[in-house]
Amino acid sequence: MESFLDIYERACERKGSKDILESLLSEPVSNTQLAMLPDDVWLEEFTRKIFQSGFYWSVINAKWSGFRDVFWDFSIEKLLYMSPEMFEQRAQDERIVRNYKKVQSIAHNCLMLHELALEHGTFSKLVANWPEDNIIELWLLLKKQGSRLGGNTGPYALRAVGKDTFILSRDVEAYLRAHEVVSGGLHSQKSLRSAQAFFNELRRQSGYSLQKLSQLVAYSVGDNEVGVTS
């Protein structure tokens, strides 16, 4: 496997300088900050990423105020009392992108968040306390207990809210395959464990967060040449 320094120097060269590269890398929020978030934030971001999947993100973002109106600002406390018939009715509301199966995921994920909160105090505390060196298990929990949160959907939502995680983007996947870190299905447990071990080693070498490391790997390969962000 390449060392952190190998990857870093190539990314610096591709982006033009160390200063330019560092300006493109970002940090997650602290786990202390994560633990204080209301769980409604997670339901909203899970829903946003589910609707963005396979759709133009700009369209979803343009309609997002309508989503918030239709689903009571994603209040878990309120949505728990919404009947299946009410969800079906709201799936036809013109203020949102009308997709009944994706709307159903809101009810499912609302219940998941509620049940995990009962067990852990809040879902935010569960996420905040989750060890980054085994972040793939949190991905798998979301896939298993949530609705439509498999693949990259769950990880992208975690990243958007601020949890430290790597992302298996196209550039990162290309790197991992080219260096034989993963083979076969990208989201198989074997590939996920190998990717986790790879990023854990880079983290040990550098002290960087998983988020910065995954961005760094992406900037070291692919089509994002000098002056182009990933």
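Reply: Packing here rests on contact, meaning heavy atoms within 4.5 Å. Helices are DSSP runs of H or I with at least four residues, and strands are runs of E with at least two, numbered from the N terminus. The model is predicted, so local features need pLDDT of at least 70 and side-chain atom pairs count only at pLDDT 80 or more, while totals for chains, interfaces and linings use all residues. Residues are numbered from 1 along each chain as its sequence is written, and side-chain values use heavy atoms, with hydrogens and water left out.

Which residues of helix 1 are buried? They are Phe4, Ile7, Tyr8, Ala11, Cys12, Arg14 and Lys15. Buried means under 20% relative accessible area, exposed over 50%, and partly exposed in between (1.4 Å probe, protein chains only). Seen down the axis of helix 1, these residues fall within an arc of 165 degrees, so they line one face. The arc is taken from the directions that run from the helix axis to the C-beta atoms. An α-helix has 3.6 residues a turn, so residues three or four places apart point the same way.

Helix 1 covers residues 4-15. Its 12 residues reach 16 Å from first C-alpha to last, close to the 16 Å expected at 1.5 Å a residue. That expected span is 1.5 Å times one less than the number of residues. Just after helix 1, Gly16 takes a positive phi of about 110 degrees.

Two of those partners also meet. Helix 13 (residues 170-178) and helix 15 (residues 210-219) have axes that come within 8 Å and cross at roughly 75 degrees. Axes are lines fitted to C-alpha atoms, for helices over the stretch in contact, with angles from 0 to 180 degrees between N-to-C directions. Helix 13 is therefore roughly perpendicular to helix 15. Angles under 35 degrees count as roughly parallel, over 145 as roughly antiparallel, 65 to 115 as roughly perpendicular and the rest as oblique. Helix 13 brings Asp171, Val172 and Tyr175 to the contact, and helix 15 brings Ser214, Val217 and Ala218. By class, the contact has 4 nonpolar, 1 polar and 1 charged residues. Nonpolar covers Ala, Val, Leu, Ile, Met, Phe, Trp, Tyr, Cys and Pro; charged covers Asp, Glu, Lys and Arg; the others, Gly among them, are polar.

Now another helix pair. Helix 9 (residues 100-120) and helix 11 (residues 135-145) pack at about 125 degrees, with axes 10 Å apart. They are therefore oblique to each other. His108, Met112 and Leu116 of helix 9 meet Leu141, Leu142 and Gln145 of helix 11. This contact divides into 4 nonpolar, 2 polar and no charged residues.

Arg148 sits in the loop between helix 11 and helix 12 (153-161). Its phi is near 60 degrees, positive in a residue other than glycine. At 43% relative accessibility, Arg148 is partly exposed.

Next, Ser53, in the loop between helix 4 (40-52) and helix 5 (57-62). Leaving aside neighbours within four places in sequence, Ser53 contacts Lys102 and Thr153. Ser53 and Thr153 are 100 residues apart in sequence, yet 7.3 Å apart in space, C-alpha to C-alpha. At 38% relative accessibility, Ser53 is partly exposed.

Thr47 lies in helix 4. Is Thr47 buried or exposed? At 1% relative accessibility, Thr47 is buried.
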